[in-house]
Every structure is written in C-alpha cells, then in structure tokens.
Amino acid sequence: MIGWTDIGENAFDYFGYSVSIAGDVNGDGYNDVIIGAYGNDDAGSYAGKAYVYYDSFSGLSSTPDWTATGENAFDYFDYSISTAGDVNGDGYDDIIIGAYGNDDAGSDTGKVYVYYGSSSGLSSTPDWTDTGENADDLFGSSVSTAGDVNGDGYDDIIVGASLNNEAGAEAGKAYMYSYPDYLRHGEFISEAFSVTGEYSVDWRGVKWNPKIQPEETNVKFQIGTSNDGINWNFYGPDGTSNTYFSALRGSSIPISLNGKYWCYKAILETNIPTHTPTIDEVIITYIKYKLPTIQLFSPNGGEDLIKGEGHVITWTAEGDLPS
C-alpha cells in the first residue's frame, strides 16, 4: 500500500535518486524525510537540490517544508544524504548532505554540509562544512550518521571519498567526525584581575590585536565583573549581556560596569573549519585612584542635631580624586 508520493520539479532532476530518514528535525515527535535531486538546475546545471518533508499526525507534508540547493554547477549536491543524528546535543536531529563534485578545494574535491535542526526546523544555511583533501577525491560521495561512537553524548558522522588515492589509485578513504569538529565558535575567559584594597579603578576601554584573522572569521568580547571573584556577570558596550565589544581598535567600557574583580571573555567564530582567528594581545585601559581618607566634623562636638539647628559639615581627604 502506497501512503505518500511526490515527484521532481523538472526533467532530468533525478528526484529520489537518494532518500533517507531525516530524523525528527523540528522536535514534534515525528520523523521527517529527506529526498535528493542531484540533477536539479535551480542553482546551475547539475547543482542539485535537497527537499525535506516534515511528518505529523496526518502524515508527511504534500509539499517540501525545507529545501537547499548546491553552490555551483556540477556540484551534484545531495548525491548523498542522511540524517546526521543529533550532532550538537540540542535535542533536535540534524542532516548531512554530500556534494562530491564541489570544487572549493580543487576540481571534484567534494564537500559536505551539516544543517542543524531546531524547534522551527532546519537551518536555512549550513552550520558546518568540510571539503576533501585532493582534486578528484569525490569527498561526500557517501555520507551517514555514525551514531555516538565515542560515548560523549553527541552523534558522530562519517563521510566517504571514494576516489582518494592515498593507498593507491582510487583506493578511497573514509572520515569520521566527532562533535568538537563541528564547533563554529569557541570562548576563552581570561584570568581574573583585581585591585588592592587601597585603590579604586575606573575601567575605560578594551581593544585587541588580531594577529591573524582570515576571511569569514569574527572576534568579539564581553567584560566580566564580580564582587567575589567567583560569580561573574558579562556585559557588552550597552551594559547588558546581549551585546559585544566588536571594534578591535577600541571600545569604551560603560561607567556603570563596576566590580572589585574583572575578566574578559573572547568569542572566536568561523564559517570555515580551516580558518581560525588568532589574538596575541588584549588591552584593557583603566585609571587607578588611591582611596581617600575622609573625616567628618559636626559643629557641636559630636552632639545630635535637633530641631532644625543650623550646621555645617566639612571634610578633609588624602589621596587622588577623579575630577
């Protein structure tokens, strides 16, 4: 008994050449499906196109809920497709797509793409990609979930390069990737800085020197404050945790950000796994003041002031004071 069908959009699309369970990409409790049409020409001749149909209580959607196309002509995007499992541990299944004809790293080197699932469905752009090692490797000619092979709680993926020549002509090579390889960003939190009890600090600005910052990478910062050196709050230039310092030549720190202990958080991001930004200097500027010693005098030798009695309070101080 046939419960559902769909057809390709155009002649020679080869819709259905590759099919797979997609897993539950939107977290509604139903497994979804992915279908490939590696001959689709929407993005160029044989660029390829993938279609995902969400399942529900009433069955699969009659039209695709999500599509993606190859980047270039003759990429053969979605020649291979599969669920990736839940590679980032967010509770939603993800998908992996191969494009063995992609030329980003050389003619027919190949490329694979991972798209993360979420409550609203699959990402509109790939969350992770990788390319083959050599021309004519056909990296991505086969792709699959590998399950959680190392027991870290994250599903892993495996990719084939059927024509890799490392062990001989067209001997082939397979690659397995575990979750850390999927990270598009990393965070580094500095050691804590503090001032001695006799000083006060006015924190003024933050800047950094990106020794290496390749294309499609980004660096941004937040400043952390703490009163005990244990519990931290991180802030951006507007004094909230929702923004980041992103001007490498310097940004002013809001005067409201005070605390005995300070640190910084550096967030490094990349859209290309082989491109990593490198920072060799972070500068936080501040002005340090010696805390003043203050003495207060009441006019009547320490007597209580009552009934609106006129009075003058004077004070003396030692140490530097800000203007």
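Biologist: In which strand does Thr83 lie?

Modeller: Thr83 is part of strand S5, residues 77-85; strands here are DSSP runs of type E with at least two residues, numbered from the N terminus. The model is predicted, so local features need pLDDT of at least 70 and side-chain atom pairs count only at pLDDT 80 or more, while totals for chains, interfaces and linings use all residues. Residues are numbered from 1 along each chain as its sequence is written, and side-chain values use heavy atoms, with hydrogens and water left out.

Thr83 counts as buried because its relative accessibility is 12%, buried meaning under 20% relative accessible area with a 1.4 Å probe, protein chains only. Beyond residues up to four places away in sequence, Thr83 touches, among others, Ser20, Ile21, Ala22, Gly23, Ser144 and Thr145; contact requires heavy atoms within 4.5 Å. A polar atom of the Thr83 side chain lies 3.2 Å from the backbone oxygen of Ala22.

Thr145, one of the residues touched by Thr83, has Ile157 in S10 as its bridge partner. Strands S9 and S10 (residues 156-161) pair in the antiparallel sense over six bridges, where pairing needs at least two DSSP bridges. They belong to an open, antiparallel sheet of three strands, ordered S9-S10-S11. Strands S9 (139-147) and S11 (173-177) are at the edges with a single partner strand each, so one side of each has no neighbour in the sheet. Strands of a sheet pair through backbone hydrogen bonds.

Methods:
Helices (H or I, at least four residues) and strands (E, at least two) are DSSP runs, numbered from the N terminus. Buried means under 20% relative accessible area, exposed over 50%, partly exposed in between (1.4 Å probe, protein chains only). A polar contact is a pair of N or O atoms within 3.5 Å; within protein, one must be able to donate a hydrogen and the other to accept it, and residues adjacent in sequence count only if both atoms are side-chain atoms.
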